[in-house]
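Colleague: Could you take me through one part of this model in some detail? I'd like a close look at the surroundings of the ligand.

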Amino acid sequence: MARRKKHKEIFALGNEAVVEGALLAGCSFYAGYPITPSSEIMEIMAARLPHLEDGVFMQMEDEIASMGAAIGASMAGRKVMTATSGPGFSLMQEHIGYAVMAETPLVVVNVMRGGPSTGLPTSPAQGDVQQARWGTHGDHPIIVLSASNVQECLEMTITAFNMAEKYRTPVILLLDEVTAHTREKIEIPHADEYEVFSRIVPNMPPEWYKPFEETVRGVPPMPPLGAGYRFHTTGLTHDRNGFPTSRPDEVVDLTERLHRKIDQFFYDIQLVDEVDTDGADIVVIAYGSVARSAEYAVQQARESGIKAGLLKLKTLFPYPRRHTDKVLAHAKTVVVPEMNMGQISREVKRVNMGRATVRTINRVDGQIVTPSEILKVIMQG
Amino acid sequence: MSEFTGNEIIHQYLRHNKRFPHVLCAGCGHGIVLGTLIRSIHDLGLPKDDVVIVAGIGCSGRLAVYVDFNTIHTTHGRALTFATGIKMANPQLKVICLMGDGDALSIGGNHLIHAARRNVGITALILNNNIYGMTGGQSSPATPLGAKSMTSPFGQLEKSFDTVELARGAGANFVARGTVFHVKKLENIMIEAIRRPGFNLVETLTPCHTQFGRKNKYKSPVEMYKWLKKAAIDKERYDELPEDKREGRIPIGVFVERERDGLEERYAKLRESFRKTSQGGR
Ligand SMILES: Cc1ncc(C[n+]2csc(CCOP(=O)(O)OP(=O)(O)O)c2C)c(N)n1
Ligand code: SF4
């Protein structure tokens, strides 16, 4: 066998790695509006996309327009991404809901900054976790992912595209400023080392096609605009043909299917990394850059003989209940450090139902959560 | 141009048995705009698959559901943003936006000026009924000074937008105004707007007797059409009128005609230039 070529290595920012991941996943359309600390994603896209055969980069007039253009381009058959930060993310919410309703795949990267409002534009925070889950109106499921280092920024971006395409849904990738602005050496994987999933397109004659019909996978195939499948798409509650309806059975049918197509794939969607969690007395549950501090703290605790472990969340929603449940059943104490007032710890407490002691570490001063801070709480037991 | 302007043509383009009866009030002008649009597309010989109708939210936004094209009912005010993404992603498609006056000029005002500035290849149809129809008759940026509405019960105090001047200033390729009373003229304008590259805007005055007429001395649809007949005047004739005779008259016709490339064409040229110098992207 020929010797395998070494991975290409680059020294990249988290934001840059997001772009690399997006391009590897097949992204060919980007629409956005600049905002710190996400702007590098947009700037690099502006330089890269026109080099692709069909690449399109658009600087829109605001984030509402960015999401609108992204949805339109996705309907036209493209893999699309937009990136933003707190205030822009708020503006995107109506269209995120539209993308859920119209089952339009796309990736939204939110590099979180301190808030509320214009808040702390350049300081790290994790304040948009619940906004990512509940930011838009109405009942709907959503997939929210995160990354804790630069290599993961690349990998989770590919994952975000794959999930968006697989489940015909917007996927949100939440980063924090530390992850986005850290520069690290990363490896670009070979093409056969990662999966690239593209939406399933219909292969039946157009007359047979029902654009919003339940399939075995729960996800209807999606043709690009102009391919001969003419149908109506609306943000209104619609029937299987896409036409507006307020018939109670059809309303329930749609709402339940939107939930079901995500619910039934929990195993595929809920991603975590576990470090020494088996038989651990104390488990830290963390995500984003905080998970790095936590990993170091857990290592130090182990060295001083404490049975500590780390559950790192790569999927935040649907909340990885199964993994958390396992940890909570055995650990005496669970520590949840976050750069917010407790947005994931409330999920942990919900799953816990009083079994383990849940300790929270909450920082909202625009500073990172340090390993020693976490270690101190671990030591308290 | 086709001599058949009746039902024979229109029926080929409706989604039969699917969404009828329709939601519009009897006598509403919106149906006439849709009929004109269908005839224009037919006259241009555009295949149904190539046409994408992107509609906003309002009574005007509901029109998309009835016609057998690729149709997308978007969010209030944002139709042009979806349309921009579609056109840039696939320039082969004919992208036509249907928007109300509230839709296009109020909540969507920013998108309108930027779509015009970019000159992205979209035909934007604004159905101006001077009021918010679907939400029950509140005033819009097109409600005339002094007119009554649910939110201007003592008469509108704000001056309305001149859509034509707005679009001209923003850089649209083609800007025209018509009315649903002057249908033949409207059809010619629409054909021209759909045919051209770049951003082409047609404002159509269309009566809403239910919400606007009721509050403003037009007791029936017929009276509203009579008003259109009287108020609208060819742009050339309007220009010749002395200042004092212009009160209450609305010029119609083509106001801006430019032949600039659409943004999508400029973008394609940029990509082409990279391929010539064979610089890889990755
Ligand atoms: C974000 C948002 N704000 C408000 C509304 C409520 N709304 C629905 S239609 C409409 C106005 C419709 O008026 P216009 O655009 O003039 O169209 P018409 O109904 O007169 O054709 C409004 C305000 C909405 N759907 N979305
Ligand atoms: S409310 Fe006005 S715009 Fe709406 S359908 Fe009735 S007449 Fe037409």
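Which polar backbone atom is 2.7 Å from an oxygen atom of ligand 1?

Modeller: That one belongs to Cys59(B): a polar atom of the Cys59(B) backbone sits 2.7 Å from an oxygen atom of ligand 1. Keep in mind that this is a predicted model. Gly102(B) has a backbone N or O atom 2.9 Å from an oxygen atom of ligand 1, and His30(B) brings in a polar side-chain atom at 3.0 Å from an oxygen atom of ligand 1. As for cover, ligand 1 has 590 Å² of accessible area on its own, and the protein covers 76% of that.

Stepping back a bit, ligand 1 lies between chains A and B. Its shell has 18 residues, and the closest are Cys59(B), Asp101(B), Asp103(B), Asn129(B) and Gly133(B). By type, the shell splits into six nonpolar, nine polar and three charged residues. The largest share, four residues, comes from α4(B).

Helix α3 of chain A (residues 63–75) packs with helix α3 of chain B (residues 79–89) at an angle of about 45°, and their axes are 6 Å apart. That angle is why α3(A) counts as oblique to α3(B). The crossing of α3(A) and α3(B) is right-handed.

Definitions and conventions. Residues are numbered from 1 along each chain as its sequence is written. Chains are lettered from A and ligands numbered from 1 in the order in which they are written. This is a predicted model: local features need pLDDT of at least 70, side-chain atom pairs count only at pLDDT 80 or more; totals for chains, interfaces and linings use all residues. Side-chain values use heavy atoms; hydrogens and water are left out. A residue is near a molecule or strand if one of its heavy atoms lies within 4 Å of it. A polar contact is a pair of N or O atoms within 3.5 Å; within protein, one must be able to donate a hydrogen and the other to accept it, and residues adjacent in sequence count only if both atoms are side-chain atoms. Accessible areas come from the Shrake-Rupley method with a 1.4 Å probe; for residues, only the protein chains shown count as cover. Helices (H or I, at least four residues) and strands (E, at least two) are DSSP runs, numbered from the N terminus. Ala, Val, Leu, Ile, Met, Phe, Trp, Tyr, Cys and Pro count as nonpolar, Asp, Glu, Lys and Arg as charged, and the others, Gly among them, as polar. Axes are lines fitted to C-alpha atoms, for helices over the stretch in contact, and angles run from 0 to 180 degrees between N-to-C directions. Angles under 35 degrees count as roughly parallel, over 145 as roughly antiparallel, 65 to 115 as roughly perpendicular and the rest as oblique. A crossing is left-handed if the near helix is turned anticlockwise from the far one by less than a right angle, and right-handed if clockwise.
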